[in-house]
Amino acid sequence: MYAQLVETGVKSVRTVDQLTGPELAFQQRIDEGVRIEAKDWMPEAYRKTLVRQISQHAHSEIVGMLPEGNWITRAPSLKRKAILLAKVQDEAGHGLYLYSAAETLGVSRDDLVDDLHSGKAKYSSIFNYPTLSWADIGMIGWLVDGSAIINQIPLCRCSYGPYARAMVRVCKEESFHQRQGYDLLIQMCLHGTQAQKEMCQEAFNRWWWPALMMFGPSDADSPNSAQSMQWRIKLFSNDELRQKMVDQTVPQADYLGLKVPDPDLKWNEERGHYDFGEIDWSEFYAVIKGHGPCNRERLQARVKAHEEGAWVRDAFMAYADKHARNKAAA
C-alpha cells in the first residue's frame with residue numbers, strides 16, 4: 001500500500017457495546033455501510049487517521065514520480081517514452097486528487113506538503129529504491145502498481161466518501177500502469193535478447209521483497225489495523241492483501257520465465273495459497289526511518305522542485321488576485 005504504519009491514536013479498540021452517544025451512532029452508520037461525508041460528525045481520532053493515511057498516500061504518488069521520471073529521457077523508443085510520460089503525469093494527478101480529499105478534513109495542502117519536506121510526514125517505503133535499469137520501469141508497473149491495485153480497489157468501498165470516490169479514478173489508471181509494466185516485461189523476457197532477460201531477472205530479484213513490504217508489517221505487529229478495520233478505513237488485513245499479491249504474481253512470473261527470488265516459495269494444496277519465506281522487516285523499518293538507498297535523494301528532489309516552482313504558484317496567485325479586484329470593481 002502507499003500508506004504504511006498509519007497511527008490511529010487509539011490505544012485499544014472498543015466494541016459497539018462500549019460506545020455511547022455520537023460515537024455509537026457513528027459506528028452504527030459505518031456498520032450499516034453508510035458513507036461518512038466531510039460535514040458529518042466524526043470522532044477526532046477517525047479524522048486524524050484519515051488525514052495521516054490520505055496525505056501519506058498523496059505524498060507517495062508525488063514522490064513516486066521520481067524513480068520513473070529518471071528514465072523518461074532514456075526510454076528506448078518514442079512509444080515507450082510517451083507511455084512513461086503519460087504514467088508519470090497520471091501519478092501527479094493522483095496526488096492532486098488525494099490532497100483535495102485530505103483538504104475536506106479541514107487541513108491545509110501547504111501544511112501537508114511542509115510536513116513532507118520537513119521529514120515529519122512519510123511516504124511509501126517502495127519509492128526509496130533506485131531504478132538502475134530499464135527493466136526496473138517494468139517491475140514498478142508490474143509489482144508496485146500491481147500491489148497498489150490490490151490494496152486500493154477495496155478503498156473504493158471505504159467508509160469516507162471523498163476518499164472512496166477519489167480512488168475510483170485512481171484505480172482505473174493504476175490498472176493501465178500495471179498492464180503497461182507487464183507488457184514491457186513480456187517484450188523483454190519473451191521477445192528480447194538474453195541480456196534483456198537477465199536484466200529483468202536481476203531487477204526482479206531487487207524489487208520482489210520491497211514489493212511485499214508495501215502492505216506493511218504482519219498483522220501481529222500492526223497495532224493500528226484493528227481500529228482502521230472497525231472504521232472501515234481499511235477493509236482487509238496486511239497479510240491477506242500480501243497473500244493475494246503473491247498468489248496473483250507467481251503465475252505471471254512463470255509466464256515471463258522469471259524465477260521468484262524466494263527458495264521457500266511453494267504451493268500449499270491444503271491452504272490453496274502459496275507459502276513464502278520470511279520478510280526481512282529490519283530493512284523495512286530502516287527505510288521507513290530514512291535509511292533506505294534513496295531517502296535523502298528523494299526528499300531533496302521534492303524540496304528543490306517545490307522551491308524552484310514557487311514563481312509559478314506566485315504567478316497564479318497574482319493572476320487570481322487581479323481578477324478578483326477587477327470583478328469587485330466592476
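Me: Rings of Phe, Tyr and Trp (for Trp the six-membered ring) count as a pair if their centres lie within 6.5 Å, and the pair is stacked with planes under 30 degrees apart, edge-to-face over 60 and tilted otherwise. Which residues form one aromatic cluster here?
Reply: Phe26, Trp41, Tyr46 and Trp231 form one aromatic cluster, and the structure holds 11 aromatic pairs. The model is a predicted one, in which local features need pLDDT of at least 70 and side-chain atom pairs count only at pLDDT 80 or more, while totals for chains, interfaces and linings use all residues. Residues are numbered from 1 along each chain as its sequence is written, and side-chain values use heavy atoms, with hydrogens and water left out.

Me: What makes Trp267 and Tyr274 an edge-to-face pair?
Reply: Their ring centres are 4.9 Å apart and their planes stand at 75°, so the distance meets the pairing limit and the angle falls in the edge-to-face range. Trp281 and Phe284 are also edge-to-face, since the centres lie 5.3 Å apart and the planes are at 90°.

Me: Where do Trp281 and Phe284 lie?
Reply: Both belong to helix α11 (residues 281-291; a helix is a DSSP run of H or I with at least four residues), and they sit three residues apart, about one turn of the helix.

Me: Why is Gln227 called buried?
Reply: Gln227 has a relative accessibility of 5%, and this value puts Gln227 in the buried class. Gln227 lies in helix α9 (residues 225-230), where its side chain makes a polar contact of 3.0 Å with the side chain of Gln230. That distance qualifies because a polar contact is a pair of N or O atoms within 3.5 Å, one able to donate a hydrogen and the other to accept it.

Me: What makes Gln152 and Gln178 buried?
Reply: Gln152, in helix α6, has 1% relative accessibility and so counts as buried, and Gln178, in helix α7 (residues 161-191), is buried with a relative accessible area of 13%. Gln152 is 22 residues from Glu174 in sequence and 9.3 Å from Glu174 in space, C-alpha to C-alpha. Leaving out residues up to four places away in sequence, Gln178 touches Gly141, Trp142, Asp145, Gly146, Ile149 and Gln252, where contact means heavy atoms within 4.5 Å.

Me: How do helix α6 and helix α8 pack?
Reply: Helix α6 (residues 134-155) and helix α8 (residues 194-213) pack at about 30°, with axes 9 Å apart; axes are fitted to C-alpha atoms over the stretch in contact, and angles run from 0 to 180 degrees between N-to-C directions. Among the residues that meet are Trp134, Met139 and Leu143 in α6 and Met199, Phe204 and Trp208 in α8. The residues of this contact divide into 14 nonpolar, one polar and two charged, where Ala, Val, Leu, Ile, Met, Phe, Trp, Tyr, Cys and Pro count as nonpolar, Asp, Glu, Lys and Arg as charged, and the others as polar.

Me: At what angle do helix α4 and helix α5 cross?
Reply: The axes of helix α4 (residues 78-103) and helix α5 (residues 109-118) cross at roughly 115° and come within 9 Å. Residues making the contact include Leu96 and Tyr99 of α4 and Leu112 and Leu116 of α5, and the residues of the contact divide into six nonpolar, one polar and two charged.

Conventions. Helices (H or I, at least four residues) and strands (E, at least two) are DSSP runs, numbered from the N terminus. Buried means under 20% relative accessible area, exposed over 50%, partly exposed in between (1.4 Å probe, protein chains only).
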